[in-house]
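Walk me through this model, please.

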Amino acid sequence: ISAPEGLYRAARIHLARKDFSKAFDDFQSVLGRYPNTKRFNEIVGEQYRIASALLDGARGRMLFGLLPGFAQREKAIEYFEIILSNAPYSDYAPLSLMNISRGYQRAGEVENAIDALDRMVNNYPQSLLAPDAYLKLAQTHSSLVDGPYYDQANTKQSITYFEDFMILFPSDAGIGAAEKGLDGMKKMLAESKMKIADFYFYKRSNYTAARVFYNEAITAYPDSAVAKRAKVRLADVEAKASGKPQPNAPRKKRFFFF
């Protein structure tokens, strides 16, 4: 038996025993020492299956013959990165990045999940997984938005990815979800501009700044209910600035005493 074949068989034995770490390491030894092995694609496939199983919660061999081993989802992310390095031009590369993102999402490490998706769309734009990656990027940024009173950087990023998705993949099955998500994010951005404008108008009497932000609210989502409110507020700003009664201000009640 040749040296690479011996390592390969050792890896298969470890795999059969559900000793996933040793199996992966043995497979990696084959690729590291014998990169031109005829089993290259087969081994990368085995490594991918090991990483996928661990990500989905597979447990290794029994501890002390009594208890199953611990889940190793963090190890799965490490393995997917190794696969990506081993075979960056294979079909397993974009799949690995999608799984890396999924692993980080499960761990609550959203920024790392976004980074994996970003690598996916930039490095593998022609992949069949690209539409899903764009949509997940938009939705993940959307999940980080705290409301109209907070920084809107993630809102803007989400809008960009929703729009990119709709332009690049107009026939994709996720187009309805993208349209709904885009609508929500554009409303959020417009509403944020409204809050800033209202602050300058009602709290600071800064009509110049109020005009700017009401107009930005309109620009953010021209055909929305938020834009209609912004136009009404603009009329109030102009009236206030000129000293005339505000056309949309509520009338004060008049009381008569006899």
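Exposed means over 50% relative accessible area, buried under 20%, and partly exposed in between, with a 1.4 Å probe and protein chains only. Helices are DSSP runs of H or I with at least four residues, numbered from the N terminus.

This is a predicted model, in which local features need pLDDT of at least 70, side-chain atom pairs count only at pLDDT 80 or more, and totals for chains, interfaces and linings use all residues. Residues are numbered from 1 along each chain as its sequence is written, and side-chain values use heavy atoms, leaving out hydrogens and water.

Stay with α2. It covers residues 20-33, 14 residues in all. From first C-alpha to last, α2 reaches 20 Å, close to the 20 Å expected at 1.5 Å a residue. That expected span is 1.5 Å times one less than the number of residues. Which residues of α2 are buried? They are F20, A23, F24, D26, F27, V30 and L31. Seen down the axis of α2, these buried residues fall within an arc of 160°, so they line one face of the helix. The arc is taken over the directions from the helix axis to the C-beta atoms. The buried residues of α2 pack against α1 (3-16), α3 (40-55) and α4 (73-86).

Now move to helix α9, residues 175-203, where K193 is found. Is K193 buried or exposed? K193 counts as buried, at 17% relative accessibility. Its side chain makes a polar contact with the side chain of E216, at 2.9 Å. A polar contact is a pair of N or O atoms within 3.5 Å; within protein, one must be able to donate a hydrogen and the other to accept it, and residues adjacent in sequence count only if both atoms are side-chain atoms. Leaving aside neighbours within four places in sequence, K193 is in contact (heavy atoms within 4.5 Å) with F213, E216 and A217.

K186 is also found in α9. At 18% relative accessibility, K186 counts as buried. Neighbours within four places aside, K186 is in contact with I159, A220 and Y221. K186 and S224 lie 38 residues apart in sequence and 9.0 Å apart in space, C-alpha to C-alpha.

Finally, confidence. The protein averages a pLDDT (the predictor's confidence in each residue, from 0 to 100) of 92. Of the residues, 90% score at least 70. Over residues 63-70 pLDDT stays under 50, and the model has 13 contacts for them beyond four places in sequence. Over residues 253-258 the pLDDT is below 50, with zero contacts in the model beyond near neighbours in sequence.

Conventions
Helix = DSSP H or I, 4+ residues; strand = E, 2+ residues; numbered from the N terminus.
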